[in-house]
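Subject: Structure handover

Hello,

Please find the structure below, as promised. My notes on it follow.

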Protein chains: 2
Amino acid sequence: MTQPLIQRLSIIGVGLIGGSLARALREAGEVGEVVGGGRGEDNLRAAVRLGVIDRYTTDLTQVVAGADVVMIAVPLGAIEAVLRVIVPHLAADAVLTDAGSAKGSVVADVERVYGYIPAHFVPGHPIAGTEQSGVEASFATLFQRRRVILTPLAETSATAHQLIRRMWELTGAEVVDMGVRHHDAVLAATSHLPHMLAYTLVDTLARLDDRAEIFRYAAGGFRDFTRIASSDPQMWHDICVANREQLLEMIALFNADLERLAEAIRADDRAAILDTFQRAKRARDNLYLEPSLPHVAP
Amino acid sequence: MTQPLIQRLSIIGVGLIGGSLARALREAGEVGEVVGGGRGEDNLRAAVRLGVIDRYTTDLTQVVAGADVVMIAVPLGAIEAVLRVIVPHLAADAVLTDAGSAKGSVVADVERVYGYIPAHFVPGHPIAGTEQSGVEASFATLFQRRRVILTPLAETSATAHQLIRRMWELTGAEVVDMGVRHHDAVLAATSHLPHMLAYTLVDTLARLDDRAEIFRYAAGGFRDFTRIASSDPQMWHDICVANREQLLEMIALFNADLERLAEAIRADDRAAILDTFQRAKRARDNLYLEPSLPHVAP
């Protein structure tokens with residue numbers, strides 16, 4: 001019988017992402033023991049009850065003992081504190097990875113705690129998720145046909161990189177390598193900025209209308225926006241703080257374009273208005289978009 | 001056998017909205033003959049072939065002959081030209097209505113062509129639709145559990161109002177009366193502004209990235225936005241022009257809030273950032289949203 005890819009996997013933060021990773025690897029028969037760690041004992045107990053992990057501990061110094069792979073799947077703002085506790089207790093050959101929505105801040109956290117960039121650290125980011133959170137929301141097929149971006153550094157060992165790549169491929173994901181800054185720029189554009197727009201739109205309308213009438217007339221366009229605004233505020237707060245520079249740049253770019261459109265509307269420049277919409281539709285229709293469907297938890 | 005509500009219905013613009021209205025009324029057995037009119041003969045031929053209308057003509061002076069109800073379902077920018085042709089040919093007791101996404105401009109068009117507001121004119125707006133267009137996209141259940149807003153004027157006769165109300169109710173829609181300005185303000189907030197944001201976001205990103213890479217990494221948030229940006233550019237151009245005043249006001253409000261958020265991010269004001277997101281999530285989660293599901297054409 002072949003050995004599973006990972007004998008012992010530690011997951012710190014057994015939520016939607018951490019839990020789904022565990023489920024996917026178990027279903028693939030590629031993980032031996034899964035140990036969960038984190039703060040919320042209710043969630044960890046549920047994780048054991050649901051068979052997502054084998055055992056848990058709220059003592060982070062214990063959770064990484066003897067682990068071959070340690071996955072940090074906590075909010076970005078909590079990563080440094082987790083690292084400070086676990087780093088002295090990692091096995092010599094343990095591979096450390098994460099699932100944070102921004103990579104620059106995580107790399108900085110690791111460098112700050114270690115004093116250098118360790119060879120066994122592989123920064124990663126699975127582009128997947130729903131507005132749900134917690135282990136109860138996790139499911140084994142979350143990453144199928146999704147992309148996972150790894151941002152290996154110059155210091156990252158090929159072995160560690162390959163292991164984490166393989167780990168994610170076993171969940172059904174397509175793994176892509178990217179530079180740290182490039183990742184943060186692409187995510188600022190395709191994920192962080194859209195979330196800022198959604199939150200702002202909902203907030204603007206909510207403060208405008210205390211009788212909730214506006215929300216009653218919400219149809220297609222607004223509904224999509226509001227779904228995004230149901231996302232976890234803490235997680236998105238952390239992303240704003242972590243990817244601050246790239247996000248501010250994208251907001252500025254967007255603002256300039258929105259102002260240009262407003263100016264065209266103000267000036268009744270119909271050609272410019274039509275042009276903007278046609279260009280956007282063409283971009284949307286012509287460029288290849290993933291055929292992945294929204295994930296529905298089984 | 002009871003008489004159908006409408007003996008002869010003329011639909012000018014047999015697209016998604018006009019076509020679906022015809023299908024719904026036929027299925028309810030509440031319309032006798034449906035006559036279609038418009039410019040695109042291919043679409044009108046298809047409408048006959050699909051059984052959506054009984055016959056068509058590209059001569060608008062003919063299409064309204066003997067019609068009890070005339071539905072103008074063309075883009076906002078085309079309404080005035082249509083009115084100029086058909087008004088002299090409307091039957092004395094014909095009821096005139098429309099489906100435009102803004103109401104102020106349509107009322108102004110009617111008043112301009114007639115020289116006054118006729119009693120038999122009932123401005124209307126079905127809050128429904130998909131990104132598709134044309135009669136092939138139409139289906140009978142489009143309006144079920146959707147809202148239709150009517151904006152009857154002081155001059156509007158109760159009989160005409162009641163007829164159009166009943167017509168829409170027969171399609172399964174919930175009919176609501178509203179003032180013209182109020183309608184345009186609510187729609188500017190819940191529909192027109194979100195579309196402007198979606199178009200602008202796609203345009204900003206498309207111009208940033210000619211290698212289409214950004215679009216390949218589009219996941220949840222961005223994908224929703226891009227779907228909206230697939231909407232018909234001409235229709236949305238017309239809405240911008242028609243609802244210019246309200247839309248500019250909403251854009252200004254939104255811009256101010258986005259700038260406030262950017263400032264909080266710039267200043268690293270974490271409490272303000274978190275506050276915005278929590279407020280938006282609360283608004284989204286607590287306020288009653290229609291349980292209507294996205295329509296899937298049968």
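**Salt bridges**

B:Glu80 has a relative accessible area of 22%, so B:Glu80 counts as partly exposed. This is a predicted model, and the values here are computed from it. B:Glu80 forms a salt bridge with B:Arg112, with 2.7 Å between the closest N and O atoms. The two partners sit 32 residues apart in distant parts of the chain: B:Glu80 is in helix H4 (residues 79-86) of chain B, and B:Arg112 is in helix H5 (residues 104-114) of chain B. B:Arg112 is also partly exposed, at a relative accessible area of 43%.

Over all chains, the count of salt bridges comes to 46.

Another of them is in chain A, where A:Arg49 pairs with A:Glu136 and the closest N and O atoms are 3.5 Å apart.

B:Asp203 is in helix H7 (residues 180-208) of chain B, and A:Arg279 is in helix H12 (residues 270-286) of chain A. B:Asp203 is buried, with a relative accessible area of 4%, whereas A:Arg279 is partly exposed at 27%.

A:Asp203 and A:Arg207 are linked in it with B:Asp257, B:Arg260, B:Asp275 and B:Arg279.

**How the two chains are arranged**

Chain B is superposed on chain A by a rotation of 180 degrees, with 0.0 Å of shift along the axis and an RMSD of 0.1 Å. The two copies are therefore related as by a two-fold rotation axis. In chain B, the C-alpha nearest that axis belongs to B:Asp224, at 3.1 Å from it.

Through which surface do the copies meet? Of the interface residues of chain B, 100% are also interface residues in chain A, so the copies meet through the same surface.

In chain B, the loop between strand E7 (124-127) and strand E8 (147-150) holds B:Ser138. Is B:Ser138 buried or exposed? Its relative accessibility is 5%, so B:Ser138 counts as buried.

The side chain of B:Ser138 makes a polar contact with the side chain of B:Arg23, at 2.8 Å. A polar atom of the B:Ser138 side chain also lies 2.6 Å from the backbone oxygen of B:Val135. Setting aside neighbours within four places in sequence, B:Ser138 is in contact with B:Gly15, B:Leu16, B:Gly19, B:Ser20, B:Arg23 and B:Val52.

**Aromatic pairs**

Searching the whole structure gives six aromatic pairs over all chains. One of them is A:Tyr114 with A:Tyr116: the ring centres are 5.6 Å apart and the planes are at 70 degrees, so the pair is edge-to-face. A:Tyr114 is buried at 15% relative accessibility, and A:Tyr116 is partly exposed at 46%.

In chain B, the rings of B:Tyr114 and B:Tyr116 have centres 5.6 Å apart and planes at 70 degrees, which makes that pair edge-to-face. B:Tyr114 is buried, at a relative accessible area of 15%. B:Tyr116 is partly exposed, at 47%.

**Confidence**

For the complex, the predictor gives an ipTM of 0.86 and a pTM of 0.86. Chain A has a mean pLDDT of 91, and 93% of its residues reach 70 or more. One stretch to note is residues 288-298 of chain A, over which the pLDDT is below 50. That stretch has 24 contacts in the model beyond near neighbours in sequence. Where pLDDT is low, the predicted coordinates should not be read in detail.

Regards

Conventions:
Residues numbered from 1 in each chain as written. Chains lettered and ligands numbered in written order. Predicted model: local features only at pLDDT ≥ 70, side-chain atom pairs only at ≥ 80, totals over all residues. Heavy atoms only, no water. Least-squares fit on C-alpha atoms with pLDDT ≥ 70 in both. Contact = heavy atoms within 4.5 Å. Phe/Tyr/Trp six-rings, centres within 6.5 Å; stacked < 30°, edge-to-face > 60°. Buried < 20%, exposed > 50% of the residue type's maximum accessible area, 1.4 Å probe, protein only. pLDDT = per-residue confidence, 0-100. Helix = DSSP H or I, 4+ residues; strand = E, 2+ residues; numbered from the N terminus. Polar contact = N/O pair within 3.5 Å; in protein donor to acceptor, adjacent residues only side chain to side chain. Salt bridge = Lys/Arg side-chain N within 4 Å of Asp/Glu carboxyl O.
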